[in-house]
Amino acid sequence: LKIGDIEALTPLLDKIGNTKTANCLREHMKKLSMSKIAGDAAFLAGRYSEALSEYNACLKISCHSPTLLERKAICLVRTADNQKEAFEVAVKILKDNSKNLVANFILGRHFKQMEKFREAVAHFEVVVEYDSGQFYEEARAGLRFAKARLLINEGDYAVFRGHSSVALIKYRDALERLKEAAMKSEVHLKCADVLVKLGDPEQAVEECTKAIDCDSKAVKAYIRRAKIYEECEYFTEAIRDYEYLCSLDKMNPDYRELLSAAKRRLNKSRDYYSVLGVPNNATQSQIKKAYHLKAKEHHPDKKNHQQFVAKSKFQQIQKAYSVLSDETKRWDFDMFGAD
């Protein structure tokens, strides 16, 4: 009776006969049978709260029934009624059967919610290996997510230890597993931070753009991309991102200050005399000589590992020379400034 085995109990009671104890057991067995029938009907119809009530009544009689415990656990999961109780029931089931799919699924979900991803992986793997039914897809999604979060955590630790290349591999492996857009956006941003440390701002910008593609309102990605642009002297692109941030939050003083600072740096980059490093009264010979020296120094072909930065600087140098080497354009610049 305690394990709910009515079929085995019935012939035993027949042998005992009509004793007081046997009749009492028959009453319990009748109540158990009625509650189980009602519970199973509600369960199959998807009325999990109703089924839970009936299974609780059954478990008062058959407290060690693995089938009833399993059904109760499923009802708790489906109704989100009491996740703590679902966890406790699952632990109880696993004591008798470590491969029970329902219990492993519940524990996998529990540990995922608690962000104990290594434990979540262990339980979800049991379900994915042995189940192809009701919990398979959820368990597979949970397993994928938990493994991705483990990789992210390992990447974070690699960053902490100063192993940026290892961190980048971990983050990119995590991205292959993730489907959640918001989480992917965060990981792309982590990749961008690592790529900046590795001296690859161009790829870092691409990662920021991917983060924005995943989440169009990823403020941190816009800020990070704008700052990379600024550091590489792509001021127009930086201003574009800061202007977008200001449009999202017009009253944010930090965004307005970042935008103003980028505009000041843009204006400074349009001081063509400073760009070439010559005085305002420089002769054409001085301007030409300065241009060749600067162009040679910052030519992208000579900056194998810094082409993204060199390209921006080289374009500034070419623009400055195109204006200052032309007397008409130079006069316009001296009178009115850059266009």
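User: Which residues do ring pairs link into a cluster here?
Analyst: Phe 43, Tyr 48 and Tyr 55. Rings of Phe, Tyr and Trp (for Trp, its six-membered ring) pair if their centres lie within 6.5 Å; planes under 30 degrees apart are stacked, over 60 edge-to-face, and the rest tilted.

User: Before I go on, what am I looking at?
Analyst: A predicted model, where local features need pLDDT of at least 70 and side-chain atom pairs count only at pLDDT 80 or more, while totals for chains, interfaces and linings use all residues. Residues are numbered from 1 along each chain as its sequence is written, and side-chain values use heavy atoms, with hydrogens and water left out.

User: OK. How many aromatic pairs in the whole structure?
Analyst: The search turns up 10 aromatic pairs.

User: Take Phe 43 and Tyr 55. Why is that pair edge-to-face?
Analyst: The ring planes of Phe 43 and Tyr 55 sit at 65°, with the centres 6.4 Å apart, so the pair gets the edge-to-face label.

User: Where are those two in the chain?
Analyst: Phe 43 is in helix α2 (residues 20-44) and Tyr 55 in helix α3 (residues 48-61). They are 12 residues apart, and the pair links distant parts of the chain. Helices are DSSP runs (H or I, at least four residues), as are strands (E, at least two), numbered from the N terminus.

User: Are Phe 43 and Tyr 55 buried or exposed?
Analyst: Both are buried. The cut-offs: buried is under 20% relative accessible area, exposed is over 50%, and partly exposed is in between (1.4 Å probe, protein chains only).

User: What about Tyr 222 and Tyr 244, how do those rings sit?
Analyst: Their centres are 4.6 Å apart and the planes are at 35°, so that pair is tilted. Tyr 222 belongs to helix α12 (residues 219-231) and Tyr 244 to helix α13 (residues 235-248), 22 residues apart. Tyr 222 is buried at 9% relative accessible area, whereas Tyr 244 is partly exposed at 29%.

User: Zooming out, how many helices and strands?
Analyst: The protein chain has 18 helices and zero strands.

User: And why is it more spread out than a compact globule?
Analyst: The radius of gyration is 34 Å, well over the 20 Å from the globule rule for 339 residues, so the chain counts as more spread out than a compact globule. That radius is taken over C-alpha atoms, and the rule is 2.2 Å times the number of residues to the power 0.38. Along the principal axes, the C-alpha atoms fill a box of roughly 125 × 40 × 25 Å.

User: What share of residues is buried, and how much surface is there?
Analyst: Of the 339 residues, 40% count as buried. The accessible surface is about 19,400 Å², and 52% of it belongs to carbon and sulfur atoms. Areas come from Shrake-Rupley with a 1.4 Å probe; for residues, only the protein chains shown count as cover.

User: Where is confidence lowest and highest?
Analyst: Helix α1 (residues 6-16) is lowest, at a mean of 72, and helix α9 (residues 164-177) is highest, at 96. The chain averages a pLDDT of 86, with 95% of the residues scoring at least 70; pLDDT is the predictor's confidence in each residue, from 0 to 100.

User: Now Glu 230. Buried or exposed?
Analyst: Buried, at 9% relative accessibility. Glu 230 is in helix α12. Leaving aside neighbours within four places in sequence, its contacts (heavy atoms within 4.5 Å) include Phe 235, Tyr 242 and Arg 265.

User: Last one: what does Ala 295 touch?
Analyst: Phe 314 and Ile 317, not counting residues up to four places away in sequence. Ala 295 lies in helix α16 (residues 284-298) and is buried, with a relative accessible area of 10%.
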